[in-house]
Amino acid sequence: MDKTAEVTGMDDVIEKTKRDINNVTNALNLDERQYVTELGPVFKREHQAYTLYISCLHRGPLYGYMLLGKDQGNLPRLDGFTVDKEVPAECRQISTSSYSREYHRGQLFDSNHFDGNERHMFESFYMSNVIPQHEVANTGAWKATEIITECYREHHQLYLAAGVLYGTDTTDDEFVESHGVVTPTAMWKYIELDKDKYAAWIIPNSKESTKESLASLEVTLEDLLRITNIQITPNARAVKRVALPIFQNCHLS
């Protein structure tokens, strides 16, 4: 049975994060102003396989995390987007239909990560795990991070965190009327291997986020902690940054 979900503020999460990032520098000189995300009430939803924080202000996911072990399943993709009725009406999207040809229903946590359990896969198709994701980002850089996840879970214990930066740009918020959801400026992902190594990315939600661009979108954990204001990992002071290339004979099923 799912644990009790609750609507909460982010104050405790932000304060924990600030303690983790004292005296850090912005190594990549990112223009962080575009990523600033106003925070209102947040709904915490604990699914069987992953925990998700949903922004009621944006009616979409804010961030979530999960543990991933060795891939031992190969269930077919369900493709059945649905509403999670455990999420309050004021925090969830009002439609499960497609967004547009340019914007896909992009999953924060990919259904293929749950192909060993039918219930877990079903929960990955909740609209609370979905954002309007630019088609290039969805099939390009973001897809590449999903492939990397599948590759390395074969040989490592993985902790996976992912989230959304809704940002300050309102010109692309074309799905507020149809779905209630704000279009993110960017997405981020953090992959931690064996509790001591990590890789992280901030991926703009745009046509520039091709598969080939992924290496240029890598960020340090320090940058990511500061920009998101979220305590992404309990191991922030112990992990070291590593490169995670997609390798040959990677198991993706």
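These are my notebook entries on a predicted model.

**Overall**

I began with the chain as a whole. The secondary structure amounts to six helices and 10 strands. I found 53% of the 253 residues counted as buried. For contacts with a separation of 6 or more, I looked up how many link residues 24 or more positions apart, and the share is 73%. The accessible surface is about 11800 Å², and carbon and sulfur atoms hold 47% of that.

**Helix α4**

Next I checked the geometry of α4, which covers residues 141–152. With 12 residues at 1.5 Å a residue, the helix should span 16 Å, and I read 17 Å between the end C-alpha atoms, so the two agree. I then asked myself how many residues of α4 are buried. The count is 11 of the 12, so the helix is largely enclosed by the rest of the structure. Among the buried residues I noted A141, W142, E146, E150 and Y152.

**S209**

I moved to S209, which sits in the loop between β9 (197–204) and α6 (221–228). Is S209 buried or exposed? I list S209 as buried because its relative accessible area is 1%, and the cut-off for buried is under 20%. The S209 side chain comes to 2.6 Å from the backbone oxygen of P204. Leaving out residues up to four places away in sequence, I found that S209 touches V136, A137, G140, A141, I203, P204 and L217. One of these, A141, is also among the buried residues of α4.

**K44**

K44 lies in strand β2, residues 42–46. I noted a relative accessibility of 17% for K44, so this lysine counts as buried. The K44 side chain makes a polar contact of 3.3 Å with the side chain of E46. I also took the C-alpha separation of K44 and L62, which is 9.9 Å for two residues 18 apart along the chain.

**Salt bridges**

I counted nine salt bridges in the structure. Side chains of opposite charge can pair when their charged atoms come close. I started with R226 in helix α6. The C-alpha atoms of R226 and E32 are 9.4 Å apart. R226 is at 21% relative accessibility and so counts as partly exposed. E32, at 23%, is also partly exposed.

R226 has a salt bridge with D223 as well, and here I read 2.7 Å between the closest N and O atoms. D223 and R226 are three residues apart in helix α6, so about one helical turn separates them. An α-helix has 3.6 residues a turn, so residues three or four places apart point the same way. D223 is buried, at a relative accessible area of 0%.

The last pair I looked up was K197 and D194, which form a salt bridge with the closest N and O atoms 3.8 Å apart. K197 is partly exposed, with a relative accessible area of 25%. D194 counts as partly exposed at 34%.

Conventions: Residues are numbered from 1 along each chain as its sequence is written. This is a predicted model: local features need pLDDT of at least 70, side-chain atom pairs count only at pLDDT 80 or more; totals for chains, interfaces and linings use all residues. Side-chain values use heavy atoms; hydrogens and water are left out. Helices (H or I, at least four residues) and strands (E, at least two) are DSSP runs, numbered from the N terminus. Buried means under 20% relative accessible area, exposed over 50%, partly exposed in between (1.4 Å probe, protein chains only). A polar contact is a pair of N or O atoms within 3.5 Å; within protein, one must be able to donate a hydrogen and the other to accept it, and residues adjacent in sequence count only if both atoms are side-chain atoms. Contact means heavy atoms within 4.5 Å. The expected span of a helix is 1.5 Å times one less than its number of residues. Accessible areas come from the Shrake-Rupley method with a 1.4 Å probe; for residues, only the protein chains shown count as cover. A salt bridge is a side-chain nitrogen of Lys or Arg within 4 Å of a carboxyl oxygen of Asp or Glu.
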